[in-house]
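Here is a colleague's note on the fold, its cores and its backbone. Please read the points with the coordinates open.

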Amino acid sequence: MKIRKVAGDERLTTTLPLLAYAFEQSPSGADREEEYRRYLPYIDGSVSLVVEDADTAVATASAIPMRQNLRGVVHQMAGVAGVATHPLARRQGHIRALLPQLLGEMRDTGHPISALYPFRASFYERFGYVGLPATRRVTLTPADLAPLLRTQLPGDVGLRRFKDGYDSYRDFTHRMLAERHGFAVFPDFRAVRQRDMDREWLAVAEVDGEVVGAVAFRIEEHGGKLVAGDLLTASPLGRALLLRFFAYHVDQVTEISLLVAADETPELWLTDLSVRAEARVRYPVDVAPMARVLSLDALTGLAVGPGRVNVEIVEDPFIAGHYLLDGVDGKLAVVRGQETSVPTATLTAAGVSGLVYGVLDPAELAVRGFGVVDRAAGAQLRALFPRQLPYLFADF
């Protein structure tokens, strides 16, 4: 067995057939290779590794060079995707060998954090990943949005095909990247696939020429559902403008479905609004994202609170060691080593990742098996990394 990097046309006979078997209806038709070839430009900048047995690829994993907002600072992020093994080669440790090498290469090229959507969370937890909140699927009826039709709102909503509005949508996602904890964006080579497929409408809300909201959607059938992606808004006004736009569909569709961040409260959007908001996790198809830290040193300067604590990170190939974490002037200082007068916590990679991403309180770490934290260290960690729900927008 050997591990090597593949790129270009090599993917046609290595990574893509493995992914098709793992994630698509199979067997595929005779013209599948041409479909693979059309897909190549959208993965050309990804880093892909394969395990080969007698020159045949039996397992693969890829990383997309993305960017993600972590507590107000945008970092390079390795978006792990395309993890698959041939059915006759499964449960032989191939992904356990591939993933550390892939993550190591991404860390060494300047990607201090990583995120993914797991086929099973417990598998990736062993690699230092911790769960992030799933987006909520909100379902409502256009009739319940009728009060917005009688409300005077500054601004307008434009409607166009996705390909025609792609540039303004892309610019708006970059604005959200700069402002929203956990938000992530694809690199250009990958993002343009949604534009090129052009299977959605795009509604864009603007006030005085500034985009304040955007959402991509499709209508399944007359009298059926309007199914939207993430409702991206910069303000309550942007949200109201887009919801009012949906209200105009009252005689066309019976149900509207859209995605929102975990910290949204759609039940408070309007009075007498009947709404269902749910996060469904059902492996392997409906899953919540996960993330981890690959380099603690690279997070120097992160926006944090006034804590000061020693941490010993154990059992990890990337960040194991002793650190002093100090919230100096609201910015994280990371120093190798420890100070004897400062409280100490022992953490796993998943534990420190849960704190950095803001999804775990120090008191939860022992319950989850992510560390040993006494009261003094817990108080410092809580001050240093206050809870803050991330919104992982990019669906890869």
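1. Definitions first. Two strands count as paired if DSSP finds at least two bridges between them. Helices (H or I, at least four residues) and strands (E, at least two) are DSSP runs, numbered from the N terminus. With that in hand, V227 stands opposite S257 in β14.

2. Ground rules. This is a predicted model, where local features need pLDDT of at least 70, side-chain atom pairs count only at pLDDT 80 or more, and totals for chains, interfaces and linings use all residues. Residues are numbered from 1 along each chain as its sequence is written, and side-chain values use heavy atoms, with hydrogens and water left out.

3. Strand β11 (residues 210–219) is antiparallel to strand β12 (residues 225–230), and three bridges link them. F217 faces A228 of β12 across this pair. The two strands β11 and β12 make a hairpin, with five residues between them. In its turn, G223 has a positive phi of about 80°. On to the next partner: β12 runs parallel to strand β14 (residues 255–260), joined by four bridges.

4. The largest nonpolar core. Which residues touch the most other members? They are L296, L325, L332 and F385, in a core of 88 residues. Strand β3 (residues 56–70) contributes the most to this core, giving seven residues. A nonpolar core here is a set of buried Ala, Val, Leu, Ile, Met, Phe, Trp, Tyr and Cys residues joined through side-chain atoms within 4.5 Å. Buried means under 20% relative accessible area, exposed over 50%, and partly exposed in between (1.4 Å probe, protein chains only).

5. Another core lies apart from the largest one, with 28 residues. Among them are V138, A203, L243 and W269.

6. L332 in detail. Contact means heavy atoms within 4.5 Å. Neighbours within four places in sequence are set aside; beyond them, L332 is in contact with L299, T300, G301, L302, V304, L325, D326, L384 and F385.

7. Helix α6. In α6 (residues 188–197), the buried residues are R190, A191 and V192. What do the buried residues of α6 pack against? The partners are α2 (32–39), β3 and α5 (162–179).

8. Most residues other than glycine have a negative phi, and most peptide bonds are trans. D198 is not a glycine, yet its phi is positive, at about 50°. Is D198 buried or exposed? D198 is buried, at a relative accessible area of 10%. D272 has a positive phi near 60° and lies in the loop between β14 and β15. D272 is exposed, at a relative accessible area of 69%.

9. Cis peptides. The S26 to P27 peptide bond is cis, with omega near 0°. P27 belongs to the loop between α1 (15–23) and α2. Y283 and P284 are also joined by a cis peptide bond, with omega about 5°. P284 is in the loop between β15 (275–278) and β16 (290–293).

10. The annotation. UniProt, in an unreviewed entry, places the feature "domain: N-acetyltransferase" at residues 1–154. UniProt positions follow the numbering used here, feature names are shortened, and annotations may be inferred rather than shown by experiment. Over residues 1–154 the chain is 24% helix and 33% strand. The end C-alpha atoms of that stretch are 63 Å apart.
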